[in-house]
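Me: Can you take me through this model? I'll ask as we go.

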Amino acid sequence: MFYREAGDFKTSYKSDQETFPLKLDKILFWLTIAVAAFIVPLFLTEYWEKAIFLPFFIYALAAIGLNILTGYCGQVSLGTGGFMAVGAYASYKLMTGFPAMDMFIVIMIAGLVTACVGILFGLPSLRIKGFYLAVATLASQFFLVWLFNKWEWTYNYSATGQINSPERDFLGVIVTGPYTKPWATYLFCLGFLFLFAWIARNLTRGRIGRSWMAIRDMDIAAEIIGVNPLVAKMSAFAISSFFVGVAGALYFAVWLGAAEPTEAFSIDQSFDILFMIIIGGLGSILGSLIGAAFIVLLPVLFKNVFVGILGIPTDIAEFSQIILVGALIVFFLIKEPHGIVAYWRTLKGKLRLWPFPY
Amino acid sequence: MFFLLDPFFYEIVISGLLAGVMYALVALGFVLIFKASGIFNFSQGVLALFAALTLVGFQTGQIPFAHLLSLFGFHVTHWGAGFPTVIAILFSLFVMIGLAWLIVQIVLKPLVNQEGIILFMATIGLAYVLEGVGDLMWGANVKMLDVGLPKGPSEFILDTTDMFIDKLEISAAVVAIILVVVLTLFSAYTKMGRALRAVADDHQAALSVGISLETIWWIVWSVSGIVALVAGVMWGAKSGVQFSLSLIALKALPVLMLGGFTSIPGAIIGGLMIGLGEKLFEFYIGPMIGGATENWFAYMLALLFLLFRPQGLFGEKIIERV
Amino acid sequence: MNDVNQKMPIMESQERTFGAPILEIKNITMRFGGVVAIQDISFDILQGEVRAIIGPNGAGKSSMLNVINGFYHPQEGEIWFGGEKRSPMKPYQIAYQGIARTFQNIALFRGMSTLDNIMTGRFTHMKTGVLSQVIWRGAAEKEEYENREIVEKVIDFLDIQTIRKTEVGKLPYGLQKRVELGRALAAEPKLLLLDEPMAGMNVEEKEDMSRFILDVNDEFGTTVALIEHDMGVVMDIADRVVVMDYGKKIGDDTPENILKNQDVIDAYLGVAHD
């Protein structure tokens, strides 16, 4: 009754292509944004900032990035962790090299650097496909982690090999370093997520997005309609890496504050983000968000409920988590390759007709 | 050309070749499954780990899921005595065969018509599940594995050539060669082997001549499981049974890139090339760039290879028809 | 073959006139390893005509289309398009020249809707850069809706409005073929290549498809080359026919004359057909 589509006709192509064709959807969306932007920061504690929101925003951003490459363009990449490292180290060098630079610029340039690296490591995709490419991306993953371990310039010759994020600000508000206010980092990351989600939406709804999906679905046919495979694939790698680089920079500079390559940007990270988009939904921005929320919140849930409340030992909780994630991957691939977002859409479909069964 | 006179060079070479053999053992499992089902089994390394854990568990008389059971008040972790090695190996074989059946029923059958990349991702999920279950069943601490294979440097070689070569690695090489020969002959000359190749070529056609996909898959995954057990035993005896064993699986991927995904002898040759290449590169070039190049060299080598020969040295050429 | 006149009276005593050759195949030889798929074939396609390419299975017809498309590069021979010799080009560049195509086994983008699939056909006509697309409002949006209008016209023409938003993987075979035709039409090509557009269709669907092809040729003046097995269809809609057998050309004439060609009859038309 509430969620109705009947009578809601589209009279122009513009209204037909809107992100939120249903008026109710649109209202709910902006309401959520308003609450997220204006109300949550007022009550935000450091725990919620550091344990829930920042990781969610950052991983959601990385997930959207990977989804562009893997979900929309069909190029499987296991190198996401390595690319996040590029973003992180680029931001580190910028922060330490140009102390007066505003954080927004730092992050954007870090993203740009990662985009260039992404193009470089994306070149093999012109010759290699499918899971051969996935394995080739492992080369970038392991090489990059090694690079940031061995190339001392990247961590300013520090003895520990660790990089630490110095205090920097965005338009005068401190967003990095030990003295940040939760609402500042929260809004900073939320802002990036919102901006980049919007960019992703625009790119995927138009010509470029279609060229990516064409390559994914049948690259031979894509060529027939005029898509230059090199341009399509490289643009996917570049833009995806930009997103992932920005996420990596935020991950290090704003959230963690310190990082060391083998732990923070390992192959496990790459798998985690891949799982996010499989579970959440390949080829869907909302799916990336759902998947990120799921993978970020699951350990929190396990820790607080299973360990905290039920008293299960941490290692059992950890193993169970691993099993659960793995089992869910298999489950989703079997039952619903389009991820949770497909269930979401089916649910909305049912809601539209409720309470009528047809 | 001085290095050719340096006996140490030969030690590196042989050590590299032997390391390559170890990689090849894991890669063999991949090839078998890929040949018969077109599936790239990412969980092969974890299978090796799981197999080794199971073997140690039987040998030392561990009670499976002991840690979990302790939650319910059941605090015993061992039976009191373990099984003799031969029995333990036999039991582990049964476990792997049973596991293969489970995998076929739960994961493979539902995904039978999906493309390779979906199946690949499913095996990633499977790897995680097996890892977690292995940890829950037998505990995540490092275990020592001893199946009675000779260990320590071979005195004979040490005396005659001054080279330090571990007897264990020699045994591994022998075992690997035997495995490869047996599997190659099996695949090429037996009825079952032919059936496997038929299934690999075309599922539908194989079905239509009466070959049961399910049975074939079960057989293949069982054989792969056995190969995984061998690999797990070799690796475990060398460096202990621990999680890092499953990372070896990742190393097996470049081996397959070089040797081709469908060639049994290719797995050995690819393994040898990777093992040798890694050691030589690390020894000669490594010091100039900081060392620890073994983390990535194999992948870079494979990547370069793929660029020039996407199907590997011995794989079948992929032809796309419009 | 070179003495084919420009004016040829064919069916229903309608005089159809054609322009200069839009495509000229000159002495093309295509080898795959030891197999010779196409052997020294030459023919032309005149602007505005409907040219059929027929022949038994394995004659090399699809290979011929692949050569025209740029997928295969012939070892010998030349291709002239629009009066100019064509240098070796990639398939996507040939798309920009104005050649569009459908496939025997349907090459639609299965993850996308009908609308999106046909929109991809407009790819060569859309020019806005990445930056505009990132911002969307303004140039990119305007171009999207302009092209959407053209796509909607194609959808109307092919009568597939009701399946506009359906994922093409879910459509029945006949509709998929129509969507694929739509994608090729949306490109507003100079030359339309159809690889067995009637394959797997019943009589009604064939009539619809024939009508579409003739309308396209009539209304938009699009030159059409089609591979077809159904001689009835060929007789009805083709202006001229090229017959291939074992990679060689064994006939090049109007449909009526082809039927009387002994070589062709021997090679191919001994079989009774509907």
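Reply: One definition to begin: the expected span of a helix is 1.5 Å times one less than its number of residues. Helices (H or I, at least four residues) and strands (E, at least two) are DSSP runs, numbered from the N terminus.

Me: OK. How does helix 7 of chain A do against what is expected?

Reply: Helix 7 of chain A, residues 182–205, has 24 residues and reaches 34 Å from its first C-alpha to its last, close to the expected 34 Å.

Me: Before I go on, where does all this come from?

Reply: This is a predicted model, where local features need pLDDT of at least 70, side-chain atom pairs count only at pLDDT 80 or more, and totals for chains, interfaces and linings use all residues. Residues are numbered from 1 along each chain as its sequence is written, while chains are lettered from A and ligands numbered from 1 in the order in which they are written.

Me: Back to helix 7 of chain A. Which residues in it are buried?

Reply: Among them are Thr185(A), Tyr186(A), Phe192(A), Phe196(A), Ala200(A) and Leu203(A). Buried means 20 or more other C-beta atoms within 10 Å of the residue's own, exposed means 12 or fewer, and partly exposed is in between; C-beta atoms are placed from the backbone.

Me: Why is helix 8 of chain A called largely enclosed?

Reply: Because 16 of its 18 residues are buried, helix 8 of chain A is largely enclosed by the rest of the structure. After helix 8 of chain A comes Gly226(A), with a positive phi near 105°.

Me: How many residues of chain A and chain C are in the contact?

Reply: Chain A puts in 24 residues and chain C puts in 29. Two residues are in contact if their C-beta atoms, placed from the backbone, lie within 7 Å. On the chain A side, helix 1 (13–16), helix 7 and helix 8 (207–224) each give two or more residues. Helix 8 of chain A has the largest share, with 13 residues.

Me: New topic, chain C. How many helices and strands?

Reply: Chain C has 10 helices and 12 strands. Its C-alpha atoms fill a box of roughly 65 × 40 × 40 Å along the principal axes, and 45% of its 274 residues count as buried. Of the contacts in chain C with a separation of 6 or more, 67% are between residues 24 or more positions apart.

Me: What is the strand order in the open sheet of 4 strands?

Reply: The order in chain C is 4-3-6-7, with antiparallel pairing; two strands pair if DSSP finds at least two bridges between them. Strand 4 (35–46) and strand 7 (84–85) of chain C are at the edges with a single partner strand each, so one side of each has no neighbour in the sheet. Strand 6 (residues 76–81) and strand 7 of chain C are joined by 2 bridges, and Phe81(C) stands opposite Glu84(C) of strand 7.

Me: Which strands of chain C form a hairpin?

Reply: Strand 11 and strand 12 of chain C do, with 2 residues between them, and Tyr246(C) in the turn has a positive phi of about 50°. Strand 11 (residues 240–245) and strand 12 (residues 248–253) of chain C pair in the antiparallel sense over 5 bridges. Val242(C) has Asp252(C) in strand 12 as its bridge partner.

Me: Last one. Where is Glu149(C)?

Reply: Glu149(C) is in helix 5 (residues 139–158) of chain C. Glu149(C) is exposed, with 9 other C-beta atoms within 10 Å. Met119(C) is 30 residues away from Glu149(C) in sequence and 10.0 Å away in space, C-alpha to C-alpha.
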